Amino acid sequence: MRPTRIDPTSSCAYVGEPMRISLSDYERDATAVLEPMVHGYYAGGAEDEATLRWNREAFGRVRLLPRVLRGVGERTTATTVLGTTIRTPVMVAPMAFQRMAHPEGELATVRGAGRAGTVMVTSTLATTPLEEIAEAATEPLWFQLYVYRDRGATRELVERAAAAGYQALVLTVDTPVLGSREREARGGFRVPDTLPLQEGPSSLARYAHRHLDPDLTWDDVVWLRSVTSLPVVVKGVVHPDDARLAVEAGAAGIVVSNHGGRQLDGAVATLDALPGVAAGAAMAGGAEIYLDGGVRRGVDVLRALALGARAVLVGRPILWGLALEGDQGVERVLEILTSEFSRALALCGLRSPQEAMQEGAGLLGPTPSPPSAHRPPFPGAGGSS
Ligand SMILES: Cc1cc2nc3c(=O)[nH]c(=O)nc-3n(C[C@H](O)[C@H](O)[C@H](O)COP(=O)(O)O)c2cc1C
């Protein structure tokens, strides 16, 4: 299958044969080719998957109020995160076990992210040693970390990541215990024994029980900062008070995340939580704010920037691209999002992510109120028949 090339600067994004046009095409086709057990693990959320759905639905409720006649011929999608320039405000979220999607796993993902000019966050639960991933990287890498019960092992991992050249630590804090992912359980999910796991055994539940420390507190963030000079980004914050505490504990960044709806089912959608987190962080002096969960269109990126994010991370669509087309699929997914984002900028009268962030709430239109039960019926709508 010939991959479609995208020119992110052109108004007509597709050159050549259009195959998979949007991220939903990738999702559909990956669902058809992945083994059901693997697909269930990747796609699923916790329990009834309400939060998983809400993450997506929240984007649909945010209506934009575009500006016109502002000369948008020259645009850039580039921005900076923690002082590093990336070509697009879309980063790759940490995701475990990528070799189940494609034999090259994380190595393909890091090559795709590199060609798209953005940061990839390597999961602690990668199926490729973090050093090999770093060797294949052409753009900055961040390392996702769980603080284990065994602080010595945690520290070792931190030191390995620093020695390999990772530029930030992303500390995941929404996982004191593992969410109950019922699709995973029903599908009998197990990491194949043939896969080299960097950390942990093949049963995720067993791994979580053994290693995750449910007694972590903000002091552990302070401890982590004391054992590394790398900036620490706290991932998994949705409460404004926690955003403030994260900044007070020295976080350089915060990822507004509910783990893609895989932890607390019933937790708020990340886009809905974003303004509160941005305000909470600002109260303590500020940090860079990123968001993940349900980003599937370039216009979603713009919505997140308007509501206070500096950049977003994208999860599952990367796995769909990886499963279908390896590194090219990862690159294409990122390019589609970037191309859509560039077009959304132009159509809103904006020329850069910075302008979108500055415009902020000025980009948001009124949300239509739901139909009211108290409204009088239309004249002649006949209530008696
Ligand atoms: C298959 C899968 C594995 C994940 N593994 C991790 C992980 O190891 N560490 C982590 O912090 N988050 C992990 N996440 C959560 C993602 O980093 C991210 O928060 C989420 O996927 C974003 O939502 P989206 O998939 O809707 O884009 C995982 C998510 C998925 C779907």
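Where does Gly 44 lie? Gly 44 sits in the loop between helix H2 (36-43) and helix H3 (50-61), where helices (H or I, at least four residues) and strands (E, at least two) are DSSP runs numbered from the N terminus. The structure is a predicted model, in which local features need pLDDT of at least 70 and side-chain atom pairs count only at pLDDT 80 or more, while totals for chains, interfaces and linings use all residues. Residues are numbered from 1 along each chain as its sequence is written.

Gly 44 counts as buried because it has 23 C-beta neighbours inside 10 Å; a residue is buried if 20 or more other C-beta atoms lie within 10 Å of its own, exposed if 12 or fewer, and partly exposed in between, with C-beta atoms placed from the backbone. Not counting residues up to four places away in sequence, Gly 44 touches Arg 181, Arg 183 and Glu 184, a contact being two C-beta atoms, placed from the backbone, that lie within 7 Å. The C-alpha atom of Gly 44 is separated by 7.8 Å from that of Glu 182, 138 residues apart along the chain.

Helix H2 also holds Tyr 42. Tyr 42 counts as buried because there are 26 C-beta neighbours inside 10 Å. Leaving aside neighbours within four places in sequence, Tyr 42 is in contact with Arg 316 and Leu 319. Tyr 42 and Gly 315 are 273 residues apart in sequence, yet 9.4 Å apart in space, C-alpha to C-alpha. Gly 315 is in turn one of the residues that come nearest the ligand, together with Ala 93, Ser 123, Thr 172 and Gly 260, out of 22 residues around it; a residue is near a molecule or strand if its C-beta atom, placed from the backbone, lies within 6 Å of it. By class, this shell has eight nonpolar, 10 polar and four charged residues, where Ala, Val, Leu, Ile, Met, Phe, Trp, Tyr, Cys and Pro count as nonpolar, Asp, Glu, Lys and Arg as charged, and the others, Gly among them, as polar.

Now for the chain as a whole. The protein chain comes to 14 helices and 12 strands, and buried residues make up 49% of its 385 residues. Among contacts between residues at least 6 apart in sequence, 72% join residues at least 24 apart.

In soluble globular proteins, nonpolar side chains tend to be buried together. The largest nonpolar core here has 111 residues, and those with the most contacts inside it are Leu 169, Ile 254, Val 277 and Val 312; such a core is a set of buried Ala, Val, Leu, Ile, Met, Phe, Trp, Tyr and Cys residues joined through C-beta atoms within 7 Å. Helix H13 (residues 316-347) gives the most to this core, with 14 residues. Beyond its neighbours within four places in sequence, Val 277 is in contact with Val 237, Val 238, Pro 240, Ala 243, Ile 254, Val 256 and Ile 289.

Leu 169 and Ile 254 are both among the contacts of Val 233, which also include Ala 168, Val 170, Ala 251, Ala 252, Gly 253 and Val 255, again leaving aside neighbours within four places in sequence. Val 233 lies in strand S9 (residues 232-237) and is buried, with 25 other C-beta atoms within 10 Å. The C-alpha atoms of Val 233 and Ala 168, 65 residues apart along the chain, are separated by 7.2 Å.

Helix H10 (residues 240-248) and helix H11 (residues 270-283) pack at an angle of about 35°, with their axes 7 Å apart; axes are lines fitted to C-alpha atoms, for helices over the stretch in contact, and angles run from 0 to 180 degrees between N-to-C directions. On the H10 side the contact is made by Pro 240, Asp 241, Ala 243, Arg 244, Ala 246 and Val 247, and on the H11 side by Gly 276, Val 277, Ala 279, Gly 280, Ala 281 and Met 283. By class, this contact has eight nonpolar, two polar and two charged residues.

Most residues other than glycine have a negative phi. Leu 82, however, has a positive phi near 45°; Leu 82 is placed in the loop between strand S3 (79-81) and strand S4 (84-86), and with 17 C-beta neighbours inside 10 Å it counts as partly exposed. Phe 97 likewise has a positive phi, of about 55°, and is found in the loop between strand S5 (90-92) and helix H4 (105-115).
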